[in-house]
Amino acid sequence: MAGLLERLGLLKRAGRGGSAASAKERLHFVLLHDRIDLSPEELDRMKKEILEVISRYVAVESDRVDFALEHRRRDNLIVAEVPFSKQKTGAGQVGRETG
Amino acid sequence: MGGKIVTITSGKGGVGKTTATANIGVALAQLGKRVVLIDADIGLRNLDVVMGLENRIVYNLVDVAEGRCKLRQAMIKHKLLPDLHLIPASQTRDKSAVSQSDMIQVSDWLRPEVDFVLIDSPAGIERGFRNAIAPADEVLIVTNPEVSAVRDADRIIGLLEAAGKGPGKLVLNRIRQDMVQKGEMLSADDVTDILAIKMIGIVPEDQFVVPASNKGVPVVLNEESRAGLAYHNIARRLNGENVPFLPLEEEDGFLRKLTRLFSGGNQLLKQG
């Protein structure tokens, strides 16, 4: 029964599974890049500067860092995944020393 | 106060701007409104042929801008609707023949005389587009449920906001509900979700649209046409009415019949 309905296209929800889903996904990707309107060089510089700041406080595993643009609900997001290890010596003092 | 200036634009060409302008204009005139349509696509005029008024042109928008004729002389009266006029574009000049202040001047002249001025913008984001939106009180963005058209609409929305004319309202044209249902076409919800602006109309793909443009009789004059009905509803919404959106299913489409069959219960199912 479910199989039959599915084959008739009655169970498949609009926008899922078919090419519309990839249209939506591709549009989100393209629009994020259109909207942020930064050159690859500028994006790269931004990433480096963000990492510099984080590295002042914690030890960052820089080879596993990942930056991505994402669309969630109505928001355009810059999502940074920055794995860190606790072993940074004296990390807690940095802020106090410089500030 | 006077009339409202509404610019119809899209970014991408070929999505149905001119057809939308013609049909919304005719529908507003049918509602008893005084309407002037301006073709702002200088050098590539088309609104005259879509309206079936191409053989009545004497003067055009550039003649008005350059003072060769009075505004009235460039206004062509529609054959069936005496309160509907067209100011055609020049076919022999280019976008530089008209400036933003020309467009604002013409709109200011028309404002006290009419209820609506609809400006058909050229495709693109350059001078012609800037001219077309300069006098606008409201902007409609026409798009199709396709990646390239939606992307260009997003760009236009950004430019409108930057120009203080945003965000505009969306006309989603050429939607096919059968394909949406199969997941093979972006739905109206998908497009509003992506563009995050208000929808003013959803126009289904319709077999009557091409014959209408062949004849120069806007499809809104064909009572059988669902696209025509959709344009009629857009006109009513522009006019401030609260009109619910059309159910998009094809009345006698295959899928609709099947849905009806299944909702009829198991007995019918066994027969089918």
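Begin by selecting F29(A), which sits in helix α2 of chain A. The structure on screen is a predicted model. With a relative accessible area of 53%, F29(A) is exposed.

Is H28(A) buried or exposed? Its relative accessible area is 17%, and H28(A) is therefore classed as buried, the cut-off being under 20%. Leaving aside residues up to four places away in sequence, H28(A) touches H71(A), D193(B) and I194(B).

**The first helix pair**

Now display helix α2 of chain A, residues 19-36, together with helix α6 of chain B, residues 147-162. Two packed helices are described by the angle between their axes and the distance between the axes. Here the angle is about 30 degrees and the axes are 10 Å apart. Angles under 35 degrees count as roughly parallel, so α2(A) and α6(B) belong to that class. The crossing of α2(A) past α6(B) is right-handed.

Which residues of α2(A) and α6(B) meet? From α2(A), select A23(A), R26(A), L27(A), V30(A), L31(A), D34(A) and R35(A); from α6(B), select V147(B), V150(B), R151(B) and D154(B). Coloured by class, the residues of this contact comprise six nonpolar and five charged, with no polar ones.

**Along α6 of chain B**

Keep α6(B) in view. Its 16 residues reach 23 Å from the first C-alpha to the last, close to the 22 Å expected at 1.5 Å a residue. The buried residues in α6(B) are A149(B), V150(B), A153(B), D154(B), I156(B), I157(B), L159(B) and L160(B). The elements that cover these buried residues include α2 of chain A, and from chain B β1 (4-9), α5 (127-133), β6 (138-143) and α8 (188-195).

Just after α6(B), select G164(B), where phi is positive at about 70 degrees. Move on to G166(B) and P167(B), which are joined by a cis peptide bond with an omega of about -5 degrees. P167(B) belongs to the loop between α6 and β7 (169-175) of chain B.

On the α2(A) side, select K24(A), L27(A), H28(A), L31(A) and R35(A); on the α8(B) side, D190(B), D193(B), I194(B) and L195(B) complete the contact. By class, the contact of α2(A) with α8(B) contains four nonpolar residues, one polar and four charged.

**Two loop residues**

Select A196(B), in the loop between α8 and β8 (199-204) of chain B. A196(B) is not a glycine, yet its phi is positive, at about 55 degrees. Its relative accessibility of 39% makes A196(B) partly exposed.

In chain A, go to D37(A), in the loop between α2 and α3 (40-55). D37(A) also has a positive phi, about 50 degrees, without being a glycine. D37(A) is exposed, with a relative accessible area of 63%.

**A wider view**

Methods: Residues numbered from 1 in each chain as written. Chains lettered and ligands numbered in written order. Predicted model: local features only at pLDDT ≥ 70, side-chain atom pairs only at ≥ 80, totals over all residues. Heavy atoms only, no water. Axes fitted to C-alpha atoms, helices over the stretch in contact; angles between N-to-C directions. Helix = DSSP H or I, 4+ residues; strand = E, 2+ residues; numbered from the N terminus. Parallel < 35°, antiparallel > 145°, perpendicular 65-115°, else oblique. Left-handed = near helix turned anticlockwise from the far one by under 90°. Contact = heavy atoms within 4.5 Å. Nonpolar A, V, L, I, M, F, W, Y, C, P; charged D, E, K, R; others polar. Buried < 20%, exposed > 50% of the residue type's maximum accessible area, 1.4 Å probe, protein only. Expected span 1.5 Å × (residues − 1).
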